[in-house]
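Visitor: Hi! Could you walk me through this one while I have it open?
Guide: Happy to, just ask away.

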Amino acid sequence: MENKSLYLVLDQGSHASRAIVFNARAEKIAESSSEIQTFRQADRVELDASQLLDSLKTVALDVYEQIGTDRSHLKIAGLATQRSNIVCWRRSDYLALSPVLSWQDRRAEDKLKDIDYPLIQSKTGLFANAHYGASKMAWCLEHIQEVKNAAEMHDLCIGPMASYLASRLTNSEALADPVNASRTLLWNIHNKSWDDDLCKLFGIDKSYLPNCVTSDYGFGFLSLGKHEIPLQVVAGDLSAAAFLNGTPLDNTAYVTLGTGAFVQRIINQPGSHSPLLDGVLWSSEDKEFYSLEGTVNGAGSAISWLVEQHGITESKFFQQVEQWLEEVQTPPLFLNAVSGLGSPLWCAHENSRFDQDANLPEQAVAVLESIIFLLILNMEVMHEILPKAQGISVSGGLANLKGFCQKLADISGLKVQRNDETEGTARGLAYLLTDCNGEWPVSYSIFKPATDTELANRYSNWIQFVRNNVSEDCLYFQKK
């Protein structure tokens with residue numbers, strides 16, 4: 001008998017909120033998107049909590065209307081968000097007391113001075129930095145009067161943005177899924193709960209935090225028209241993307257290209273693999289998936305930085321960049337410190353710079369190559385820990401660039417598989433809603449590696465350029 005089930009996916013990203021309905025054959029049935037605004041000032045990166053909530057409600061209702069008479073087959077929904085975003089709200093009426101502080105926000109970096117880094121990594125699997133939630137939570141408690149007042153009245157909830165959105169969408173108790181909770185630096189990856197020592201370290205009372213549950217716990221019901229749809233799964237965007245082709249394989253490197261770029265490999269158990277990160281992809285009563293992760297902070301955000309420098313729009317940039325990737329033969333080198341250098345370098349305050357003067361097309365190729373080089377550097381560190389990957393699966397906005405995918409294949413020496421549905425988060429979340437059972441049809445393009453001596457030489461020169469221009473306390477080069 002044909003499976004007519006439909007799966008509603010809500011994907012809240014840095015540029016837009018999306019709703020997509022998939023069928024059991026992994027086909028899109030309906031889709032809606034609503035742009036959101038990100039506010040940036042120096043190290044502060046914020047989003048408006050009400051705008052995010054309204055945008056998700058709008059796109060969910062839109063796709064519900066689109067599917068018409070098939071609404072009765074819409075049985076289950078899931079939500080994926082950026083993992084390290086946090087917000088403060090009142091428990092009694094769900095009113096947001098702070099903006100959403102983005103993962104890119106580094107205003108609270110001083111909270112990490114003289115902190116016990118080994119303790120944090122041993123308990124969380126993460127390299128402590130201001131991109132994660134705990135320091136931002138502490139900042140809100142210190143600087144936002146409404147948050148202080150709610151704390152004094154025992155009416156404060158503070159935690160992952162996903163917890164706030166799921167609670168508001170369903171009018172239900174605030175709950176914290178493992179993936180988003182794990183990016184706060186307060187969640188113990190070994191016992192899967194808020195950690196007393198870590199909460200004390202950052203001055204966060206555990207009573208402020210949502211209750212910890214599994215990834216598929218069931219987070220309430222979405223009211224759409226006359227239907228009540230269970231919001232069964234809440235996950236992180238990157239964790240969901242690892243499932244875009246079905247159950248992830250341990251011999252594949254999963255690269256996701258969004259505001260940041262990330263590479264993940266499946267591991268059996270979390271541990272401490274400095275200077276990389278150990279993370280949870282999924283945790284339910286009967287299934288657990290963990291990853292070894294490398295993070296590049298400047299991907300889509302680096303493109304935004306570049307077009308702002310040149311006073312052009314991103315749409316105009318992407319209309320031309322594929323041609324530039326073909327035509328530019330000798331781009332400069334670029335130290336990509338947009339939003340700070342992530343793993344394995346961990347340098348928060350370097351200045352982005354090119355090694356020589358260049359025009360826009362040359363700089364564009366240099367920025368894109370820097371993203372690839374940082375991914376490759378992370379993969380090389382992974383290969384010191386795990387068997388070498390046999391292939392790369394790539395998704396996200398920049399994966400639409402054929403020239404980018406080919407360069408990634410050439411420099412890695414691995415075939416690159418690009419799913420025809422490059423929105424990996426949405427597709428992966430849809431698979432998770434199927435309870436990871438059955439086949440998940442895949443349609444994709446393959447980029448086979450070719451010898452590119454000039455690209456390989458640029459990578460070697462880029463390594464030296466980075467070494468010469470980062471601070472002496474760079475963790476990666478200290479170990480070399």
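Visitor: What does Ala77 touch, not counting residues up to four places away in sequence?
Guide: Ala77 touches Leu8, Leu222, Ile229, Pro230, Leu231, Gln232, Val233 and Leu433. Contact here means heavy atoms within 4.5 Å. This is a predicted model, where local features need pLDDT of at least 70 and side-chain atom pairs count only at pLDDT 80 or more, while totals for chains, interfaces and linings use all residues. Residues are numbered from 1 along each chain as its sequence is written, and side-chain values use heavy atoms, with hydrogens and water left out.

Visitor: How far apart are Ala77 and Leu433, in sequence and in space?
Guide: They are 356 residues apart in sequence, and their C-alpha atoms are 7.1 Å apart in space.

Visitor: Is Ala77 buried or exposed?
Guide: Ala77 counts as buried because its relative accessibility is 0%. The cut-offs are under 20% relative accessible area for buried, over 50% for exposed and partly exposed in between, with a 1.4 Å probe and protein chains only.

Visitor: And which strand does Ala77 lie in?
Guide: Strand 6. Helices (H or I, at least four residues) and strands (E, at least two) are DSSP runs numbered from the N terminus.

Visitor: What does strand 6 pair with?
Guide: Strand 1 (residues 6-12) runs parallel to strand 6, joined by 7 bridges, and Leu10 stands opposite Leu79 there. Strand 15 (residues 227-236) also pairs with strand 6 in the parallel sense, over 5 bridges, with Ala77 opposite Leu231. Two strands pair if DSSP finds at least two bridges between them.

Visitor: Switching to strand 16: how many of its residues are buried?
Guide: 6 of 6, across residues 252-257. Thr252, Tyr254 and Thr256 point one way, Ala253, Val255 and Leu257 the other way, and all are buried.

Visitor: Which strands sit alongside strand 16 as partners?
Guide: Strand 22 (residues 391-396) runs parallel to strand 16, with 6 bridges joining them; in that pair, Tyr254 stands opposite Ser393. Strand 17 (residues 261-267) pairs with strand 16 in the antiparallel sense over 4 bridges, and there Val255 has Val263 as its bridge partner. A hairpin of 3 residues joins strand 16 to strand 17.

Visitor: Now helix 2. Which of its residues are buried?
Guide: Ile120, Gln121, Lys123 and Thr124. Their cover includes strand 11 (187-188), helix 7 (196-202) and strand 18 (277-283).

Visitor: What happens at the start of helix 2, and what follows it?
Guide: At the start, a side-chain oxygen of Asp116 reaches to within 3.1 Å of the backbone nitrogen of Leu119. Gly125 follows helix 2, with a positive phi near 80 degrees.

Visitor: Where is Ser102 found?
Guide: In the loop between strand 8 (100-101) and helix 2 (117-124). Ser102 is buried because its relative accessible area is 2%. Not counting residues up to four places away in sequence, Ser102 touches Val45, Leu47, Asn85 and Lys136.

Key: A polar contact is a pair of N or O atoms within 3.5 Å; within protein, one must be able to donate a hydrogen and the other to accept it, and residues adjacent in sequence count only if both atoms are side-chain atoms.
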